[in-house]
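Please look through the fold below with an eye to its aromatic rings and its open spaces.

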Amino acid sequence: MRNLSCCRPKWDKKFFFAFLIAFACSLICGIALCEFVTHNAYLRDLACDYIYNVFNFKNSALIVPHILGDILYFYIFFLIGYFTKLKYITLVFVFLRGLFFGVYVVLLACVNSFGGIMVMIFVFIPATLISVAICYALAEFGKCWDNKFVFAVPAALALIDCIILLLLINLVFRVVIIIV
């Protein structure tokens, strides 16, 4: 019965608010970079490919980079939260994640106006916010899992996040496409 036992987590309010502030500031910085980003041909092509793959339901082209990025971020957050007492170091990675999130939101809205906004609202924003919430949980409660399965938790959460992305694309977005 002790295999999946968790200790009582103590919620650190200061870290939670620092996490939210870092994410909000990075999102604002990413949106403010829109003038420089929209002129970059490589990033515009990346956004066009993302929108094309979502509209054509090409899951493998979307899932592989998503799960690799999630595994990287989840293990970074988990290792910092598990092995150190300085979980505030993760705010640097939160800032980077939020900066890229803001940049991609602007790109998706600018590249293909109506289609990009639909993809942004129904797929990209929910998937990224869920991923950021998992990053917070890994940094905050990383020490609470049992030592036997502790290193498999970030990979399992990345798989769950990948399944959520598949559901967003194949169920939610299909229903929206049918309605529109």
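The paragraphs that follow treat aromatic pairs, then a pocket, then a glutamate.

This is a predicted model, in which local features need pLDDT of at least 70 and side-chain atom pairs count only at pLDDT 80 or more, while totals for chains, interfaces and linings use all residues. Residues are numbered from 1 along each chain as its sequence is written, and side-chain values use heavy atoms, with hydrogens and water left out.

Rings of Phe, Tyr and Trp (its six-membered ring) pair if their centres lie within 6.5 Å, planes under 30 degrees apart being stacked, over 60 edge-to-face and the rest tilted; the count comes to 18 aromatic pairs. One of them joins Phe55 and Phe173 edge-to-face, at 5.2 Å centre to centre and 80° between the planes. Because Phe55 belongs to helix 3 and Phe173 to helix 7, this pair ties together parts that are 118 residues apart in sequence. Phe173 is buried, with a relative accessible area of 0%, whereas Phe55 is partly exposed at 28% (buried means under 20%, exposed over 50%, partly exposed in between, with a 1.4 Å probe and protein chains only).

The residues closest to the centre of the largest pocket include Tyr104 and Phe124. Helix 4 gives the most to the lining of this pocket, with seven residues (helices are DSSP runs of H or I, at least four residues, numbered from the N terminus).

Glu140, found in helix 6, is buried, with a relative accessible area of 9%. A polar atom of the Glu140 side chain lies 2.9 Å from the backbone nitrogen of Asp12.

Note on methods:
1 Å grid on protein atoms, 1.4 Å probe; cavity = no way out; pocket = protein on both sides within 12 Å on 5 of 7 lines; lining within 4 Å. Helix = DSSP H or I, 4+ residues; strand = E, 2+ residues; numbered from the N terminus. Polar contact = N/O pair within 3.5 Å; in protein donor to acceptor, adjacent residues only side chain to side chain.
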